[in-house]
Amino acid sequence: MRRPFGVFIELDGSPDVIGFLDIASYNPDPPVLELPEVGAEVSVEVAFHDEQKKQIRVRVGEPFWNGS
């Protein structure tokens, strides 16, 4: 499901888990301005997870801010 602020995603092998890719965590290489379309397959990296709530926040590419 696409929203202006990000995309809720299904994770292979984890049908009970809610994945979320927010627009600030979408930094593909090469750069792409639009978030993935519904049904698109995207390789992601887990940035945060809450096991109790079964929620995962993912990112694509390097973080925009690395804390330096």
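## Phe8 and its partner

In this predicted model, Phe8 has a relative accessible area of 34% and is therefore partly exposed. Its place is in strand S2, whereas Phe20 belongs to strand S3.

Phe20 counts as buried, because its relative accessibility is 11% and the limit for that class is under 20%. Phe8 and Phe20 form an aromatic pair with a centre-to-centre distance of 4.8 Å. The planes of Phe8 and Phe20 stand 50° apart, and the pair is tilted.

The model contains 2 aromatic pairs. One of them joins Phe5 to Phe20, with 6.0 Å between the centres and 40° between the planes, and it is tilted. Phe5 lies in the loop between strand S1 (2-3) and strand S2 (6-11), while Phe20 lies in strand S3 (residues 14-27), so this pair links parts that are 15 residues apart in sequence.

Phe5 is partly exposed, with 44% relative accessibility.

## The aromatic cluster

Phe5, Phe8 and Phe20 form one aromatic cluster. Phe20 is buried, whereas Phe5 and Phe8 are partly exposed.

Notes: Residues are numbered from 1 along each chain as its sequence is written. This is a predicted model: local features need pLDDT of at least 70, side-chain atom pairs count only at pLDDT 80 or more; totals for chains, interfaces and linings use all residues. Side-chain values use heavy atoms; hydrogens and water are left out. Rings of Phe, Tyr and Trp (its six-membered ring) pair if their centres lie within 6.5 Å; planes under 30 degrees apart count as stacked, over 60 as edge-to-face and the rest as tilted. Helices (H or I, at least four residues) and strands (E, at least two) are DSSP runs, numbered from the N terminus. Buried means under 20% relative accessible area, exposed over 50%, partly exposed in between (1.4 Å probe, protein chains only).
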